[in-house]
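Here is a briefing on charged side-chain pairs. Please read it alongside the model.

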Amino acid sequence: MDAKHSTYLSEIRQELSSLLKIGVPVIITQLLQMSMSFVDTVMAGRLSPEDLAAVAVGSSTLMPFVVLCLGCMMAVTPIVAQNVGSRNFELIGKNARQVLWLSLILAIPSFFLLRNLDLILVLIGITDEIIPIASGYLKAITWGIFPAFAFGALRYFNEGLSVTRPAMFIAVIGLLVNIPANYVLMFGKLGFPQLGAVGTGYASAIVFTVMFIAMLWFTMSFEAYKRFDIFGKFRWPEKKYLKELLSIGVPIGISSTMEVTMFAVVSLLVGTISTVAVAGHQVAINFASMTFMIPFGLSVAISARVGQSVGRKRPDEARFRGFVGVATASFIMTFTAMIMFLFPEYITAIYTDDQAVTNMAVQLLFMAAIFQISDGLQVSGFGALRGLKDTKIPMYVNLVAYWVIGIPLAYYLGFIAGYGPQGLWGGLIAGLTVAGILHNIRFFKKTKAMGAG
């Protein structure tokens with residue numbers, strides 16, 4: 001092997017090491033946060049079917065608000081990363097303060113909207129006995145919206161600086177608080193009244209508050225951040241920086257929401273077929289959601305790495321870092337696809353021993369295996385584009401991929417062509433594949449326009 005190829009392979013290994021050092025803690029953080037939702041569901045199931053259904057309805061109602069608002073705040077990651085690359089430390093401090101203000105601005109309407117959704121629950125057909133419990137759950141958890149959004153703001157700020165391990169450790173703390181808080185408030189222990197599913201909402205609010213306090217303490221006390229002068233004195237919101245955050249962040253939030261709602265719509269369509277179809281779909285989508293956390297975590301690292309290269313005005317390096325990240329995500333998702341192809345029965349055995357549900361879940365896991373690479377391509381490609389602060393056109397790409405292609409094709413294949421749940425999942429595959437290809441083509445063209453060879 002000549003010296004040129006040896007040097008290139010060495011650079012790839014170094015970049016891969018940096019990427020994983022940043023990305024793996026994000027993956028673990030996401031999985032820990034998913035486990036909190038899993039714990040809520042399992043513990044609510046110990047109460048009654050109504051409480052379990054109320055938590056499911058409440059969390060499903062909450063999710064679009066959270067995805068949209070947190071997506072808006074994710075803009076701070078590439079902004080800070082580019083400022084790191086350009087060594088503009090004063091702006092880094094301003095970015096931290098302004099994204100905290102943005103978290104407050106977004107939390108206020110979310111708080112009031114989520115507390116007044118009873119009519120919406122009636123209109124979408126939620127049964128009468130569940131609505132009061134689901135509404136109570138939402139009212140309880142809204143007390144945690146402010147710290148939850150503020151935690152997200154500080155987490156994304158730290159990720160822009162490639163500091164991802166604190167959020168991971170804080171997520172562990174959150175899980176450790178979540179279990180006893182649920183136990184005490186849901187089941188009425190230590191002198192507290194038994195609040196059922198509503199207690200789950202209050203427990204989540206407590207967890208969000210603890211996590212925010214921990215992240216705030218870290219950000220304020222970390223010695224390396226002193227030069228940014230983040231909290232040196234009180235500053236009001238500044239229109240210029242809020243506008244930049246929103247111009248980059250709103251498309252991220254909308255893009256993320258469109259992807260989430262595509263999966264939600266397909267889930268609702270599966271629900272019209274049969275109970276077995278719903279159960280099999282839930283098994284497959286839950287496992288696929290966990291594997292998705294791997295490329296999602298890497299996409300955060302890709303955004304930070306690409307953003308820092310852009311800040312240093314090194315387009316070749318930005319392209320290199322972006323495509324090493326995309327290749328890594330695709331390779332890992334190829335591995336997860338092989339697991340789904342080769343061992344679907346073992347996977348479904350974790351969730352159910354019902355043979356009919358197992359058969360359906362196995363069929364859908366084969367479909368999930370097909371879109372693993374597409375999912376890795378789209379989220380990592382979008383992460384690379386975020387590093388360039390390029391989010392508006394990717395938002396339109398996602399609109400076309402998910403809502404013009406994915407959902408209509410899912411409906412056609414599932415119901416008109418008669419392929420049932422597998423047909424619906426075919427629409428998911430098509431939408432994710434189109435998004436994955438187009439995001440990566442755009443990243444190549446954008447870096448080329450910046451001067452990458």
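D390 is buried, at 7% relative accessible area (buried means under 20%, exposed over 50%, partly exposed in between; 1.4 Å probe, protein chains only). The model is predicted: local features need pLDDT of at least 70, side-chain atom pairs count only at pLDDT 80 or more, and totals for chains, interfaces and linings use all residues. Residues are numbered from 1 along each chain as its sequence is written, and side-chain values use heavy atoms, without hydrogens and water.

**Link between separate parts**
- R442 and D390 form a salt bridge, with the closest N and O atoms 2.6 Å apart (a Lys or Arg side-chain nitrogen within 4 Å of an Asp or Glu carboxyl oxygen).
- R442 sits in helix α16 (residues 420-449) and D390 in the loop between α14 (355-387) and α15 (392-416), so the pair ties together parts 52 residues apart in sequence.
- Helices are DSSP runs of H or I, at least four residues, numbered from the N terminus.

- E317 and R321 form a salt bridge at 3.9 Å between the closest N and O atoms.
- Both lie in helix α12 (residues 315-342), 4 residues apart, about one turn.
- E317 is partly exposed at 21%; R321 is buried at 8%.
- E90 and K94 meet in a salt bridge of 3.8 Å, N to O.
- Both belong to helix α4 (residues 89-114), 4 residues apart.
- E90 is exposed at 56%, whereas K94 is buried at 18%.

**Whole structure**
- The search finds 11 salt bridges.
- Shared partners join E15, R305, R312, R314, E317 and R321 into one salt-bridge network.

Methods. Helices (H or I, at least four residues) and strands (E, at least two) are DSSP runs, numbered from the N terminus.
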